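Here is a walk through one protein model and its ligand. Keep the structure open as you read.

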Amino acid sequence: MKSLTREELRSEMAKRGEKTFRGDQIYEWIHKKLAESFTQMSNLSRDLREQLEEEYEYVSLEIVEVQRSKLDGTCKYLFRLPDGYVIESVLMPYHHGNSVCISSQAGCRMGCRFCASTIGGLERNLRPSEMLDQVYQIQKDSGERVSNVVIMGTGEPLDNYTNLLTFLHLLSDEGGLNISQRNITVSTCGIVPGIRQLAEEKLQITLAISLHAPTQEKRQKLMPVANKYHLEEVLDACAYYFRKTGRRITFEYSLLGGINDSLEDAEALAALVKPIGGHVNLIPVNPVTERDFVRPGKKVIDNFKNKLENCGINGTLRREMGRDIDGACGQLRKRYMKDRPENSPFGHKNYARGEKGGDKC
Ligand code: SAH
């Protein structure tokens with residue numbers, strides 16, 4: 001029921017022979033008052049509440065664990081989905097407001113070489129309700145208003161396109177949490193048809209592209225998706241997105257020691273980004289136990305950033321959050337599955353493979 005739009009809820013009520021405004025009341029309970037169940041919906045008759053309880057699913061994620069950073073207030077949440085899978089989200093308090101990083105899938109099938117979340121493959125897509133409830137639960141648990149949402153946790157959002165879109169509409173709806181689309185970022189590894197389709201949706205969200213390499217050859221080695229969509233096609237789609245929406249693209253670039261961190265790489269990156277006019281986020285790689293990637297030293301990072309700037313491109317070095325709490329995504333989830341394989345439908349699989357905690361984002 002949490003995945004339905006207001007209109008869908010209204011017609012659902014009409015179908016049941018109820019007044020359509022019941023749909024509005026329910027919508028408000030779900031998306032504004034963040035109710036935990038139908039039982040709380042006190043302006044509906046007891047009869048109706050009982051019927052709804054019986055006939056519809058009401059998705060409410062269970063908080064399994066919360067890790068709070070003493071350094072910067074970052075909180076990592078581990079949630080259990082109704083069918084037992086676990087996912088992870090992060091709350092990051094910034095001066096300008098509270099930002100939540102959510103997962104769009106349980107697992108991921110994109111196979112980026114440096115990423116921990118893809119190691120067990122894709123478990124399943126998250127429904128709009130399951131994406132929303134990560135934000136709702138965090139807002140309730142922290143007692144603070146969430147102002148920014150980034151879809152940069154586990155999963156590839158454009159590999160779950162329809163659900164993503166419903167989620168974006170519900171999240172930014174005035175009758176719900178009303179999070180400004182300008183404060184929502186969708187990050188993709190570069191699924192070209194998805195980028196082009198998204199450009200048509202008349203959304204004001206920020207699109208982030210995980211680039212990570214300045215040439216097709218290097219990118220192919222790091223990101224299998226590059227075998228399907230050539231770097232040039234990705235950049236064309238970005239230019240199209242910018243033309244259509246007027247929204248500047250953010251390019252994500254994980255710095256991998258000795259692999260994509262040279263001054264030539266910086267120059268090549270600047271040359272790619274310049275015509276599109278985007279912004280570059282530099283993220284020193286979070287080493288993943290199963291992979292050999294290492295962070296470049298501070299000097300290399302500074303030189304890379306300076307080179308970009310000399311070439312006319314602004315690069316922001318992503319501030320590390322929650323250093324003391326396995327701050328990177330994927331780690332808490334993996335540790336949980338390893339420690340308590342019986343608690344996760346796919347925990348055993350990962351456990352048997354002997355995977356240790358990895359991290360990302
Ligand atoms: N699938 C989407 C969103 C999830 S990943 C995407 O690819 O954009 C969010 C970001 O974290 C991406 O830029 C991803 O490439 C990056 N990332 C993944 N693993 C990382 C790691 N170990 N260190 C640094 N960044 C990582």
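**Rings, charges and a ligand**

Start with a charge over a ring. The charged end of Lys 33 lies over the Trp 29 ring, 3.9 Å from the ring's centre. This is a predicted model. A second case involves Arg 196: its charged end sits over the ring of Tyr 240, at 4.9 Å from the centre.

The whole structure holds three aromatic pairs. One of them joins Phe 38 and Tyr 58; the ring centres are 5.0 Å apart and the planes stand at 70°, so this pair is edge-to-face. The cut-off for that label is over 60 degrees. The pair links distant parts of the chain, 20 residues apart. Phe 38 belongs to the loop between helix 2 (21-31) and helix 3 (46-55). Tyr 58 belongs to the loop between helix 3 and strand 1 (62-68).

Are these two residues buried or exposed? Buried means under 20% relative accessible area. Phe 38 has 1% relative accessibility, so Phe 38 counts as buried. Tyr 58 has 13%, so Tyr 58 is buried too.

Next, the ligand. What surrounds it? The shell has 20 residues, and the closest are Phe 114, Ser 187, Ser 210, His 212 and Asn 286. By class, eight are nonpolar, eight polar and four charged.

Look at the ligand's oxygen atoms. One is 2.5 Å from a side-chain N or O atom of His 212. A side-chain N or O atom of Ser 210 lies 2.6 Å from a ligand oxygen. Thr 188 uses its backbone: an N or O atom there is 3.4 Å from an oxygen of the ligand. The ligand alone exposes 530 Å², and the protein buries 97% of that. Strand 8 (184-188) and strand 10 (250-255) are the elements that each give two or more residues to the shell.

Key. Residues are numbered from 1 along each chain as its sequence is written. This is a predicted model: local features need pLDDT of at least 70, side-chain atom pairs count only at pLDDT 80 or more; totals for chains, interfaces and linings use all residues. Side-chain values use heavy atoms; hydrogens and water are left out. A residue is near a molecule or strand if one of its heavy atoms lies within 4 Å of it. A polar contact is a pair of N or O atoms within 3.5 Å; within protein, one must be able to donate a hydrogen and the other to accept it, and residues adjacent in sequence count only if both atoms are side-chain atoms. Accessible areas come from the Shrake-Rupley method with a 1.4 Å probe; for residues, only the protein chains shown count as cover. Helices (H or I, at least four residues) and strands (E, at least two) are DSSP runs, numbered from the N terminus. Ala, Val, Leu, Ile, Met, Phe, Trp, Tyr, Cys and Pro count as nonpolar, Asp, Glu, Lys and Arg as charged, and the others, Gly among them, as polar. Rings of Phe, Tyr and Trp (its six-membered ring) pair if their centres lie within 6.5 Å; planes under 30 degrees apart count as stacked, over 60 as edge-to-face and the rest as tilted. Buried means under 20% relative accessible area, exposed over 50%, partly exposed in between (1.4 Å probe, protein chains only). A charge sits over a ring if NZ of Lys or CZ of Arg is within 6 Å of the ring centre and within 35 degrees of the ring normal.
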